[in-house]
Amino acid sequence: MSFLPGTASLIKEIDKKLLVLLRDGRTLIGYLRSIDQFANLVLQETIERIYVGDRYGDIPRGIFLVRGENLVLLGEIDQDKEVQSKLQEVSVDEILEAQRAEQIAKEEEEKAKVKARLQQGMPLATAETYLTHDDKFL
C-alpha cells in the first residue's frame, strides 16, 4: 500500500461520489472530477443538501468549483447507507422554508440571550451588534 502525502492522496477519490462540508456550513454532494495542489476541487452533478431536523432537501448546482481553503471535511458516500437513511426527503421549497424558520428561531434565541446579558451588566457596545434598533430602547 503506497502513501501519497497531502492533497495528492485525493487522487484516489477521483470519479467517486463525495460529500463535502464547507466552512460556511453548506453540504455539497457530487462526483470529484479534478483536484490541484491547493485542494481546489471540481465537482460534477453537484447538489447542495440542506438538513433541517430529520428532513433534507437537495438543490441541483451542476458543476461546482470549491476552493481548498473552504473545505472542512470530505468523504466518499456509501450508496447502500444513503438508501437506508431514516431521513425524509422533501421538496426544495419546503426545506428552504424550514431552514428559514430555523434561522429565525435561532436569531430570537440569541436576542433573548443578549437581553439577559444586558440585564446582568454586559457592556452595551458588545451587545449592540446583536440587537435591532427597536430592541435597544426596551
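Reader: Why is Thr46 called buried?

Author: In this predicted model, Thr46 has a relative accessible area of 1%. Buried means under 20%, so Thr46 qualifies.

Reader: Where does Thr46 lie, and what does Thr46 touch?

Author: Thr46 lies in strand 3. Leaving out residues up to four places away in sequence, Thr46 touches Leu28, Ile29, Gly30, Ile59, Pro60, Arg61, Gly62 and Phe64. Contact here means heavy atoms within 4.5 Å.

Reader: What is the strand order of the open sheet?

Author: The six strands run in the order 5-1-2-3-4-6, with mixed pairing.

Reader: Why do strand 5 and strand 6 stand at the edges?

Author: Strand 5 (71–76) and strand 6 (88–89) each have a single partner strand, so one side of each has no neighbour in the sheet.

Reader: How do you know that strand 1 and strand 2 pair?

Author: Pairing needs at least two bridges. Strand 1 (residues 17–22) and strand 2 (residues 27–35) have five bridges, in the antiparallel sense. The pair therefore meets the cut-off of at least two bridges. Leu21 stands opposite Thr27 in strand 2.

Reader: What makes the span of helix 2 close to the expected one?

Author: Helix 2 has 28 residues. From first C-alpha to last, helix 2 reaches 41 Å, and 40 Å is expected at 1.5 Å a residue. Ile95, Ala98 and Val114 are buried in helix 2. After helix 2 comes Gly121, with a positive phi near 100°.

Reader: Which residues line the largest pocket?

Author: Gly25, Arg26, Thr27, Glu48, Arg49, Ile50, Tyr51, Gln99, Glu102, Gln103 and Lys106 line the largest pocket. Strand 3 (41–52) and helix 2 (92–119) are the elements that give two or more residues to this lining. The volume of the largest pocket is about 210 Å³.

Reader: How many residues of the lining of the largest pocket are nonpolar, polar and charged?

Author: The lining of the largest pocket has two nonpolar, four polar and five charged residues.

Reader: What makes up the lining of the second largest pocket?

Author: The residues include Leu19, Ile29, Tyr56, Ile77, Lys81 and Leu87. Six residues of this lining are nonpolar, one is polar and four are charged. Strand 3 and helix 1 (79–83) each supply at least two residues of the lining. The second largest pocket has a volume of about 150 Å³.

Notes:
Residues are numbered from 1 along each chain as its sequence is written. This is a predicted model: local features need pLDDT of at least 70, side-chain atom pairs count only at pLDDT 80 or more; totals for chains, interfaces and linings use all residues. Side-chain values use heavy atoms; hydrogens and water are left out. On a 1 Å grid over the protein atoms alone, a cavity is a set of points where a 1.4 Å probe fits but cannot get out, and a pocket is an open set with protein on both sides within 12 Å along at least five of seven lines; lining residues have an atom within 4 Å of a point. Grid points are joined across faces, edges and corners, and a volume is the space filled by probe spheres set on the points. Helices (H or I, at least four residues) and strands (E, at least two) are DSSP runs, numbered from the N terminus. Ala, Val, Leu, Ile, Met, Phe, Trp, Tyr, Cys and Pro count as nonpolar, Asp, Glu, Lys and Arg as charged, and the others, Gly among them, as polar. The expected span of a helix is 1.5 Å times one less than its number of residues. Buried means under 20% relative accessible area, exposed over 50%, partly exposed in between (1.4 Å probe, protein chains only).
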